[in-house]
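Hi,

Here is the structure I promised to pass on to you. Please have it open while you read, and my notes on it follow below.

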Amino acid sequence: MTQKEQLEKALDTLRQYILLLAEQAGESKEHAELLWEGIRKSEGLLQELAYYHDYGELLCKYQIGGYTLADVLVWQVDHFKLYMDRPDDMNRYRQPRLILSAFDTMVRMETAPEQFRDKMHYETGQDIL
């Protein structure tokens, strides 16, 4: 198998993983494909996804505006506490959905990091005065 074939096989494995996570999270295949295209364009996010796929842990090497995937996950969980009284939104705490959402946020952060930096700083889900 050539190096190019190995790379294509690895990329297909990661694509299939995103599709599986999307299915587990109740997201559409279309959503998964769009997310995959965003991740595939980013060397840093590809590395993060490959590590998560292989080890089930976050690598947290890639940063955007000083934030890693773990930072995004913590923000999401904290931010989504606002929805605790809404049963339909409780599925936001499912791991596949949180992981997909974190990757989606990181993809969007690549084009507009300042917007997310402000959101993550000010929208904590806590009643801070």
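Contact here means heavy atoms within 4.5 Å. With that in mind, Thr-105 is in contact with Val-72, Gln-76 and Phe-116, leaving aside its neighbours within four places in sequence. Thr-105 is found in helix H5, where helices are DSSP runs (H or I) of at least four residues and are numbered from the N terminus. Thr-105 is buried, with a relative accessible area of 2%; buried means under 20% relative accessible area, exposed over 50%, and partly exposed in between (1.4 Å probe, protein chains only).

Before going further, a word on where this comes from: this is a predicted model, in which local features need pLDDT of at least 70 and side-chain atom pairs count only at pLDDT 80 or more, while totals for chains, interfaces and linings use all residues. Residues are numbered from 1 along each chain as its sequence is written, and side-chain values use heavy atoms, with hydrogens and water left out.

Now to the helix packing. Two packed helices are described by the angle between their axes and the distance between the axes. Helix H1 (residues 3–25) packs against helix H5 (residues 95–111) at an angle of about 125°, with their axes 8 Å apart. The axes are lines fitted to C-alpha atoms, for helices over the stretch in contact, and angles run from 0 to 180 degrees between N-to-C directions. H1 and H5 are therefore oblique to each other, since angles under 35 degrees count as roughly parallel, over 145 as roughly antiparallel, 65 to 115 as roughly perpendicular and the rest as oblique. On the H1 side the contact is made by Ile-18, Leu-21, Ala-22, Gln-24 and Ala-25, and on the H5 side by Pro-96, Arg-97, Ile-99 and Leu-100.

Next, the salt bridges. How many salt bridges does a search of the whole structure find? The search finds 5, a salt bridge being a side-chain nitrogen of Lys or Arg within 4 Å of a carboxyl oxygen of Asp or Glu. One of them pairs Glu-8 with Arg-40, the closest N and O atoms being 3.7 Å apart. Glu-8 lies in helix H1 and Arg-40 in helix H2 (residues 29–40), so this pair ties together parts that are 32 residues apart in sequence. Glu-8 is partly exposed at 38%, and Arg-40 is partly exposed at 36%.

Arg-15 and Asp-12 are 3 residues apart in helix H1, so about one helical turn separates them. Arg-15 counts as partly exposed at 22% relative accessibility, and Asp-12 counts as partly exposed at 38%. Arg-15 also forms a salt bridge with Glu-33, with the closest N and O atoms 2.4 Å apart. That pair links distant parts of the chain, with Arg-15 in helix H1 and Glu-33 in helix H2, 18 residues apart. Salt bridges that share partners join Asp-12, Arg-15 and Glu-33 into one network.

Cys-60 counts as partly exposed, at 24% relative accessibility.

Best wishes

Technical notes:
Helices (H or I, at least four residues) and strands (E, at least two) are DSSP runs, numbered from the N terminus.
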